[in-house]
Amino acid sequence: MGWYRRRHRPWRRQGRLLLLLALSALALWTTASRSGRAAILPAARPTAAAPSATLRLQTLNVFGLPWPLAPDVEPRCRRIADRVAAEDVDVIALQEAWGEDASAPFAMPEHHRASCCTPASLFGSSGLMTLSRHPIRHAETRVFAAAVGIERLVSKGVLRTIVALPDGDLDVWNLHLQSGLADVAVRRAQIDELLRWLVAAADQPRQVVLGDFNCGPGDAEFAHLVDGLRALGFVHASCGLPTYDATQNPLAMAEAPREIDHLFVRGHRTAPVARRVYDRPIDGLLPSDHFGVEATVALEPRPRDAADYESRR
């Protein structure tokens with residue numbers, strides 16, 4: 001979801017004045033530049049991951065907003081990081097990992113990390129972070145040209161990472177679309193940007209698109225997204241359950257439960273098997289206002305022409 005829409009909570013209202021002051025000071029600077037960078041932090045204790053028949057892929061919006069807009073950020077993110085490490089998740093895409101409290105727990109010794117570095121942004125980044133047990137050989141940030149309100153100032157967009165698997169690359173697109181129930185046109189424009197980027201990256205035979213889409217089944221813009229991705233060979237790994245649900249999660253806003261966190265895979269050998277994750281308390285704390293999605297997927301062997309292409313780069 002979008003953090004600016006949660007202002008009815010008392011502990012969020014307390015930060016509105018500080019936030020407005022920051023916005024006034026940064027608005028011109030932020031909107032003057034839409035470029036972004038990405039940083040790669042290699043694992044301190046990298047493991048030589050053996051080729052596996054399947055990969056475990058996850059996405060989770062960690063609700064890591066700066067204080068006082070979100071509660072218990074550091075302990076919640078610490079618990080998420082511990083769970084990722086314990087379960088040997090291959091790749092996890094995180095959203096809303098803003099600030100030191102949210103990002104520091106994910107400097108994990110056996111996982112490589114890519115994160116957005118967008119200086120011309122309200123919080124210095126778009127809050128996107130991707131962790132991988134396998135080396136990350138390339139990372140880049142794409143900032144959506146279509147964005148409105150405060151979400152323009154946080155430079156929402158896509159963190160693209162190229163993960164070096166033992167048998168070839170996996171192209172991972174971690175994204176966070178515009179929130180706001182009324183902002184359908186903005187999300188559709190962002191989806192069109194995403195589809196153009198993916199068409200331009202069609203030389204990558206194995207791709208994953210995952211993140212917080214702020215829309216789902218029954219929404220017109222989501223149907224447009226699914227049609228566009230299907231034309232490019234992607235399949236939707238749906239958990240089939242709400243991932244934002246105030247009836248089950250007191251951290252979520254009071255609105256109708258919806259499945260808004262998704263995972264799409266291209267270059268798969270078998271249909272991905274998906275489930276909802278991070279939907280129970282960890283050591284007494286719910287991990288986030290979102291629930292996550294995990295897909296277990298077997299990828300196609302990398303085609304020979306793709307291997308030749310990589311050798312020439």
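Modeller: Two strands count as paired if DSSP finds at least two bridges between them. That rule is needed for strand β1 (residues 37-41) and β4, which run antiparallel and are joined by five bridges. Everything described here comes from a predicted model. One of the bridges can be located by its residues: Leu-41 has Arg-113 in β4 as its partner. On β5, β4 has another antiparallel partner, and four bridges join these two strands. Here His-112 stands opposite Ser-132 in β5. Five of the six residues of β4 are buried, so the strand is largely enclosed by the rest of the structure.

The loop between β4 (112-117) and β5 (129-132) contains Ser-126. Is Ser-126 buried or exposed? Its relative accessibility is 1%, and buried means under 20%, so Ser-126 counts as buried.

The part in question is built from β2, α3 and β3, which make a right-handed β-α-β unit. Start with the two strands. β2 and β3 pair in the parallel sense, over six bridges. In this pairing Gly-64 stands opposite Ala-97 in β3. β2 also pairs with strand β13 (residues 292-297), this time in the antiparallel sense and over five bridges. There, Arg-56 faces Thr-296 in β13. Strands of a sheet pair through backbone hydrogen bonds, and the pairing may be parallel or antiparallel. β2 is mostly covered, with nine of its 10 residues buried.

Which length should α3 have, given its residues? Helix α3 covers residues 73-86, which is 14 residues, and at 1.5 Å a residue it should span 20 Å. The buried residues in α3 are Val-73, Arg-76, Cys-77, Ile-80, Ala-81 and Val-84. Seen down the helix axis, these buried residues fall within an arc of 135°, so they line one face of α3. Their cover includes β2 (55-64), β3 (91-97) and α4 (99-103). After α3 comes Asp-88, with a positive phi near 55°.

Glu-96 lies in β3. Its phi is positive, about 60°, although Glu-96 is not a glycine. Glu-96 has a relative accessibility of 0%, so it counts as buried.

Ser-155 is not a glycine either, and its phi is positive, near 55°. Ser-155 sits in the loop between α5 (150-153) and β7. With a relative accessible area of 1%, Ser-155 is buried.

The bridge partner of Leu-159 in β8 is Asn-174.

Another helix, α7, touches this sheet. The buried residues of α7 pack against α6 (184-200), β10 (235-236) and β11 (261-266). Among these buried residues are Phe-222, Leu-225 and Leu-229. α7 (residues 220-231) has 12 residues and should span 16 Å, and its end C-alpha atoms are 17 Å apart, which agrees. Just after α7, Gly-233 takes a positive phi of about 95°.

Finally, the chain as a whole. It holds eight helices and 13 strands. Of its 313 residues, 56% are buried. Among contacts between residues at least 6 apart in sequence, 76% join residues at least 24 apart.

Terms used
Residues numbered from 1 in each chain as written. Predicted model: local features only at pLDDT ≥ 70, side-chain atom pairs only at ≥ 80, totals over all residues. Heavy atoms only, no water. Expected span 1.5 Å × (residues − 1). Buried < 20%, exposed > 50% of the residue type's maximum accessible area, 1.4 Å probe, protein only. Contact = heavy atoms within 4.5 Å. Arc of directions from axis to C-beta. Right-handed = clockwise from strand over helix to strand, strands pointing away.
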